[in-house]
Amino acid sequence: MMAAEGRDSFDEQFSLVYEELRRLAANVLRSEQNGRVTPTTLVHEAWLKLAHSPEVVETSPLHFRRIAARAMRQVLVEAARRRNAMRRGSGDVMVTFDELAPGMTTLSDPKEILALDSALDNLSRISARQARLVEGRFFGGLEVSELAVLLEVSEATVAREWRSARAWLAVEIRRELRGKASEAGVQEG
Amino acid sequence: MDEMRWQAVQEIFSQAVELPVEARRAAVHTWCNSDGSMVAEVMELLEEDGRGQPLLDSSVDQAARAVLDFGPLPSLIEKQIGPYRLLRLLGEGGMGVVYLAERTDIGGKVAIKLLRDAWLSPMRRQRFRMEQMTLAQLSHPSIARIFDANMLEDGTPWFVMEYAEGLPLTEHWQQKGGTIRDCLLLFRRVCAAVQYAHSHAIIHRDLKPSNILANESGEVKLLDFGIAKQLGADLNDHATVTGLRLMTLAYAAPEQLAGRAVGVYTDVYALGVLLFELLACRLPMRAGESGVDAVPEKPSTVIRQEKPAFYTQLSKAEWADLDLLTMKALEPEVERRYGTADALMRDVDALLDGRPLEARPPDWSYTAGKFLRRNRKVLATLAAAVLVVAGTIVFYTVRVAQARNIALREAARTQRIQQFTESLFDGGDKEAGPSLDLKAVQLLDRGRHEAEGLRGDPELQADMQSTLGGIYQKLGKLELAAPLLEASLEERKQAFGEGDPRVADSLVAMGSLRKEQGKLDDAEKLMREGLSVLQRSAQASQTAKARTMVGLGAVLETRGKYDEAKNVLEAASKLQPAYTQGTADTAENLAELGNVAFYKGSYDASEAYNKKALEIYRHLFGEEHPAVAQILNNLGAIETNRGNYAASETYYRHALTITEAWYGPNHPETAANLTAIAQQLSYEKRDTEAMVLLERALSIQKQGDSGMSATVASTQNQLGLLAFNAKQYDAARGYFSDAMERWRKTLGDQHPFIAIAYSNMGSVCLDQKDYACAEKNYREAVRRLDASSKDSVNATIAHLKLGRALLREGRFKEAEGETRPAYEYLVKHVPADNGFLAASRKDLTAIYEGMHSRENAARFQLELDVAAKH
């Protein structure tokens, strides 16, 4: 799919959407009203802003959301990196092994987001399509039916691949976080 | 883990999750062939899958809030807004949140919608206001009414709507159930509400079950006009083309998904999906979606297989009608879909009443065989053109929305497509077509293949070929236009005989193509043939004759045969209807007369002709039309030659705005306009600006095909002049000689432009003090210009230049013979501040000083001084 529409145009649109999302996120942070902004709102706002730019005008809303999903991943990963660095700097106590596994049910910590990012990279090496699928679904909120159109496979395939990728990624993320935590433990000990 | 192993693990995992938990381990062991590590991997995945809350099912919102420091969403429940107290959240979307609220003073429940994050952008707030305005315009029992609107202290706008109780349409239908007739009656109510909105020029664009509530008694309520579009509304609303919300995929029409223009037919598609879903209890598959089967599903097939009890309610013929109706609403191609909700509703009524449907078989416009049915002939021709034109208009809408042209955006409406199509066949203005748009070209190509399929009906085929050829020509695809026009000519000769006026039409069309291709001999011959056919034919109309004569005049003019051209054009103008009811033909005739006058140096006459033409074009087409731009360019050229550079730049810039908006930035017409402005700038010594424009123009022109050759030459000539001004003599000589060669090839050796090229070469020699070379070139220019247009400004300038070369050689007497008559001419024909006039005085002063004729020298020096003071 990516090859079909041309790498260049994807990159161009990606960087555009990324910049826009980052700019919006920064605005949100600066404002006093950040309480009510969700990523969906940001994507929507980016679309308002970019839908008529020459780079995006030919893009269907669906493809835009796929690109936005990638951009959103990038924005969140970078924010997570900064947050993570801040924590280390401020001497925050590291989370220990027992606290995070296996009860962790949401991805809400910067480290967890970074772990998802690198797990997704690993996944893309063994199945590029599944990595795109997860990216679109998790970061872009795309529906199964929409992913089926984007990835040019049946909805059943999307559902099956989502289920196995979801399990695989969760295993990877837990493993990664366990490794980090024990590493930190060793250093501290 | 590698790709292969992951595939194997995944396969086993996918099979194992289908098994009861207790059976999994044994099965995994078997499937893994006792590969211990693989068993472990699969079991690990199964364990993860078995957790109640899979990690990745959490919302990205939480992740974002965590890393972006966003606080939690505040709840507005129990909050008081004006007289309303919020009770619970009804729904939320990308922009708004809707709460159920009650009025605390007089009681009663309402829905209140607030715009989230209103502060993010003005566009957002405007959009929200649009929804309020839309609702305020609509008063229909099936559309939620708006009661109140205001703003919170923090600037969040809100409005209050009627609270509609009920279930989403499909849920309602599934719970309530009923016969197919009940289903159609329910659906009809939705159609009526949508049609009501359409009759107020509002397209909903997001019709889906959750936006259509039905209550116990089956009354429906249309909600959420959040992305509705007002037809013909404010042009800044680019949403026309793209749609603001990321709409719900299943109900979105193909044109919405592709980001093309939407219309009332977009809602019709969503209605088709709804009908299918109501009947079949599931969504229709999109063509090609099932992988194998590109043919769309029919409701009857699905229902027979999946709901046999339902199937028996209708007869076979009734099912055929219901299939037809549903499929026509679900047509991926706009032109074949029901054009309006009203048309769909009429067929629903017809079905309910047992009357025949208005819908035609959906494939009629594509089946070549059906073209041959005599009674469908006209329709068939129209259909193929609709195909062409629909693409064109879609393109238009995009382009024009950018150009902020209200009138043309209206053309996107379906009925306009029809009118537009018909005008193509009425011999209306084909130039109203756009250019160099891929989509249009692709559609044309399809039209061309269809024309090839019409062998059984040569007359119709000839019509199609001729129309398509004309459009290709307008699109600048000359090599594609030629075979079509040739074929059309041959077909018509055989079908009607050589003397038929339709054959003349073809000859003239061919002639105009040849002219564009630069094959001027052929062009003149074809035009003359066409004219003689018409003059011999009793049926030929005055209009046809006049049009042909204008065509011939234009060819003669391009060949530089100005006197002949003038005669033909004047004769043509006598055949035109009275000026008061000027047509496009009249205007074209006037413009061509203006061109001839211009080339002969009669600027006043040329200006008068052009201004008349301009008035007619403006009246016929409005301000933003290329024909208007063309005339503005002509007027600019006149002012340039009069030396009124400021006035001419104004004309040219105005023309460029129109041309660029119409044709786009990379079209030959745009390039031509850029060249004109650059010429202007170079006269004003604004060479750097000129150079930039010319380089842009040249790069556009070089993309074009052979027909552009003469234009490329003009650009080269301009670049030559700039190089000359910058004293880059070698470059200048290179440009001028390239230009001369190109002109010679395309326009023939006798063309006056060749003389201009000689004159320019001469100027390079003169500046380099190679006077013999200058004299040689100028003499050639003089000889040629005297032959084609003696006593014109151009010829006079050539004499003046020759005089200057002779002056530099010290041959004063001979110089006087050239320069003095040039001065006498200029003093009568150009404004007092003309640069060439000043040059002639300066040269004469020097000449008479050289001849020791002090009195004369003093006279011209005085004239120079006086002119300089003004």
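## Helix pair in chain B

A crossing is called left-handed if the near helix is turned anticlockwise from the far one by less than a right angle, and right-handed if clockwise. By that rule, helix 33 of chain B makes a left-handed crossing with helix 34 of chain B; helices here are DSSP runs (H or I, at least four residues), numbered from the N terminus. This is a predicted model, in which local features need pLDDT of at least 70, side-chain atom pairs count only at pLDDT 80 or more, and totals for chains, interfaces and linings use all residues. Residues are numbered from 1 along each chain as its sequence is written, while chains are lettered from A and ligands numbered from 1 in the order in which they are written.

Helix 33 (residues 729–747) and helix 34 (residues 752–767) of chain B pack at about 165°, with axes 9 Å apart. The axes are lines fitted to C-alpha atoms over the stretch in contact, and angles run from 0 to 180 degrees between N-to-C directions.

## Chain A at a glance

Now to chain A, which has 9 helices and 0 strands. Of its 189 residues, 44% are buried (20 or more other C-beta atoms within 10 Å of their own; exposed means 12 or fewer, partly exposed in between, with C-beta atoms placed from the backbone).

## A:I126

A:I126 lies in helix 6 (residues 110–126) of chain A. With 18 other C-beta atoms within 10 Å, A:I126 is partly exposed.

Notes: Helix = DSSP H or I, 4+ residues; strand = E, 2+ residues; numbered from the N terminus.
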